[in-house]
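I opened my notebook to get to know a new structure.

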Amino acid sequence: MNSPKSTKTQRIEDEASIVSARDKWRGADINARRLHMASSQFFVRHPQCSAAISEIRLIAEKCKLEKKGRGLLTMAGSGAGKTYLANYIQDTMPRDDEGDVSKVPTVYFKIPSAPTQRGLATALLTALGDPRPKGSAAEMSKRAEILMSKVGTEIIFIDDIQDIPEKRGVKGVVQLGNWIRDLIDGSKCLVVMLGTFAAIDVVRGNDQLNRRAMKHQRIEYFSMTGTDNISRTKRFLDNLDKALPLAEHSKLVDSDIALRFIYATNGVTSLMLDVAKEAVDIAVSNEREHLILQDLAKAFERLFGEHHRDTNPFSVQLPRALTREDELFHHWYDTSNPAKEPEPKPQLQPKQKTPAMEETKAVQKLAKKTSKKTPEPAPGNAPQQELVDKVTGAEVEIALA
């Protein structure tokens with residue numbers, strides 16, 4: 001167990017290391033900074049994403065030792081980081097074509113636009129490097145299994161799993177679920193299914209696939225409500241601050257800045273990264289080595305348009321969520337976030353006929369009818385008018401009876 005002194009010493013050494021890494025960016029060319037932020041080296045530690053990566057590696061190692069395939073469903077909202085983590089794992093386990101036989105430890109492909117068993121097999125072979133995949137679904141699947149065994153594949157990523165139910169009926173979902181089930185068994189690898197929260201329907205819609213992929217991971221959007229969420233958001237922003245190619249600290253972890261970040265991006269990881277990267281460009285063009293609110297405000301308007309200036313969370317005095325009608329995140333919803341289902345569109349309801357409406361209609365009808373056959377009363381002929389009124393009233397009562 002570390003003593004308080006050794007812990008403090010380690011913290012000082014870590015901070016010194018960060019300062020040293022930062023200082024190399026002082027006076028650096030903007031293009032060098034842009035290239036850095038666009039490369040795989042620019043990876044911001046994401047609390048839930050990091051936990052998911054560790055879990056994927058652990059399960060993949062078990063599959064390798066036991067020579068038994070497993071399935072894992074990783075769900076996240078659009079832009080929350082599921083593809084981000086797949087790319088990171090691929091970068092840390094790169095393909096190696098140096099030897100007689102290539103080594104392909106990870107394979108990544110998306111659900112085809114017209115998903116069929118043959119389409120999935122073709123996508124898998126293409127990801128493995130087969131230039132001209134041919135044959136039936138069964139033939140190509142078998143060839144892929146043999147090829148993965150030769151090249152040492154350990155993890156297979158299948159992205160956009162939620163697209164299957166949208167493009168196939170119930171029978172199609174079962175068939176493609178069977179194909180993934182067979183891939184797990186035949187490859188003896190970890191098959192990671194990436195998708196929004198609607199992807200759960202694909203796994204639960206196939207009992208045998210469900211038994212092979214009972215472990216589920218969730219990566220949520222960031223928010224500033226609740227102690228745990230605030231802590232998670234601030235940790236991410238602190239890691240983002242450290243990763244930026246700037247020589248000085250920008251204090252993104254400050255509560256006010258963190259809240260503005262959430263309002264400006266709806267807590268979507270990819271948008272938070274986009275705003276920060278754009279702000280770096282603005283700060284450097286103004287010869288600054290740290291970000292200020294004005295940089296973030298300009299970055300927001302560059303990304304989303306100057307017409308949002310009046311509601312820009314980075315510039316207004318009292319920022320708020322941009323969820324009102326015609327604002328950026330009004331009805332922000334896809335199948336990634338069932339907790340925020342869109343309000344149903346107003347349906348045109350047929351007018352309900354009430355007794356009062358029926359009575360008014362009957363009176364109007366009879367009034368029209370009697371006006372045609374009842375002569376105008378002569379001036380001063382009150383008894384005749386009373387008789388007409390009595391007859392008309394009786395007719396109305398009969399009509400409503």
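**Entry 1**

I began with Asp 160, which is buried, with a relative accessible area of 18%. Buried means under 20% relative accessible area, exposed over 50%, and partly exposed in between, using a 1.4 Å probe and protein chains only. I was looking at a predicted model, where local features need pLDDT of at least 70 and side-chain atom pairs count only at pLDDT 80 or more, while totals for chains, interfaces and linings use all residues. Residues are numbered from 1 along each chain as its sequence is written, and side-chain values use heavy atoms, with hydrogens and water left out.

I found Asp 160 in the loop between β3 (155-159) and α7 (163-167). Helices (H or I, at least four residues) and strands (E, at least two) are DSSP runs, numbered from the N terminus. Most residues other than glycine have a negative phi.

Lys 67 also has a positive phi, of about 55°, and is not a glycine either. I located Lys 67 in the loop between α3 and β1 (70-76). Lys 67 counts as exposed, at 62% relative accessibility.

**Entry 2: the cores**

Next I looked up the nonpolar cores. Such a core is a set of buried Ala, Val, Leu, Ile, Met, Phe, Trp, Tyr and Cys residues joined through side-chain atoms within 4.5 Å. The largest has 62 residues, and those with the most contacts inside it include Ile 56, Phe 157 and Leu 244. Helix α13 (residues 269-285) gives the most to this core, with 10 residues. A second, separate core has 36 residues, among them Met 75, Val 107, Ile 111 and Ala 199.

What does Leu 244 touch, leaving aside its neighbours within four places in sequence? I noted Arg 22, Phe 42, Leu 252, Ala 276, Val 280 and Leu 291; contact means heavy atoms within 4.5 Å.

**Entry 3: helices that pack**

I then followed α13 to helix α14 (residues 293-304): they pack at an angle of about 115°, with their axes 8 Å apart. Axes are lines fitted to C-alpha atoms, for helices over the stretch in contact, and angles run from 0 to 180 degrees between N-to-C directions. Their contact includes Leu 271 and Ile 282 of α13 and Leu 296 and Phe 304 of α14. By class, I listed 9 nonpolar, no polar and 6 charged residues there. Ala, Val, Leu, Ile, Met, Phe, Trp, Tyr, Cys and Pro count as nonpolar, Asp, Glu, Lys and Arg as charged, and the others, Gly among them, as polar.

For helix α6 (residues 137-151) and helix α8 (residues 170-187), the axes come within 10 Å and cross at roughly 35°. Ser 141, Glu 145 and Met 148 in α6 meet residues of α8 including Trp 179 and Leu 183.

**Entry 4: the rings**

How many aromatic pairs are there? I wrote down 5, where rings of Phe, Tyr and Trp (its six-membered ring) pair if their centres lie within 6.5 Å; planes under 30 degrees apart count as stacked, over 60 as edge-to-face and the rest as tilted. The rings of Phe 43 and Tyr 84 are stacked, because their centres are 5.1 Å apart and their planes at 20°. Phe 43 lies in the loop between α2 (30-38) and α3 (47-66) and Tyr 84 in helix α4 (residues 82-92), so the pair ties together parts that are 41 residues apart in sequence. Phe 43 is buried at 13% relative accessibility, and Tyr 84 is partly exposed at 22%. The rings of Phe 43 and Tyr 88 are stacked as well, with centres 3.8 Å apart and planes at 20°.
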